[in-house]
Amino acid sequence: MTEAIPDYPFEQRNALEPPREGAETRATCPVAHVRTPSGDVVGLLTGYEEVRGLLTDPRFSRNPDRKGAARMSTTEDRGDVQPALPG
């Protein structure tokens, strides 16, 4: 039996406490699969060594326009925060 893939971002019950699912994931699996709001399944890294390895690996990019990049939204702007309008 395969486990269900949780939705991300995790629900934060109040602003002063991190999501319960984040702590559970960190304790049990340093690399977990989650589903973004766009429906994409991505890897969520929660372990220090795994994150450090990712950040120093040239195969990965922050460029959201890169082929295969995960999306947080299905909208054309990818859910990016838009700059404030002048005035």
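**Exercise 1.** Classify Arg 20 as buried, partly exposed or exposed.

Solution. The classes rest on relative accessible area: buried is under 20%, exposed over 50%, and partly exposed in between (1.4 Å probe, protein chains only). Arg 20 has 44% relative accessibility. Arg 20 is therefore partly exposed.

The model is predicted: local features need pLDDT of at least 70, side-chain atom pairs count only at pLDDT 80 or more, and totals for chains, interfaces and linings use all residues. Residues are numbered from 1 along each chain as its sequence is written, and side-chain values use heavy atoms, with hydrogens and water left out.

**Exercise 2.** Find the salt-bridge partner of Arg 20 and the network that contains Arg 20.

Solution. A salt bridge requires a side-chain nitrogen of Lys or Arg within 4 Å of a carboxyl oxygen of Asp or Glu. Arg 20 meets this with Glu 21, where the closest N and O atoms are 3.6 Å apart. Glu 21 also bridges to Arg 13, again with 3.6 Å between the closest N and O atoms. Salt bridges link Arg 13, Arg 20, Glu 21 and Glu 24 in a network.

**Exercise 3.** Classify the geometry of the aromatic pair Tyr 8 and Phe 10.

Solution. Rings of Phe, Tyr and Trp (its six-membered ring) pair if their centres lie within 6.5 Å; planes under 30 degrees apart are stacked, over 60 edge-to-face, and the rest tilted. The centres of Tyr 8 and Phe 10 are 5.2 Å apart and the planes are at 80°, so the pair is edge-to-face.
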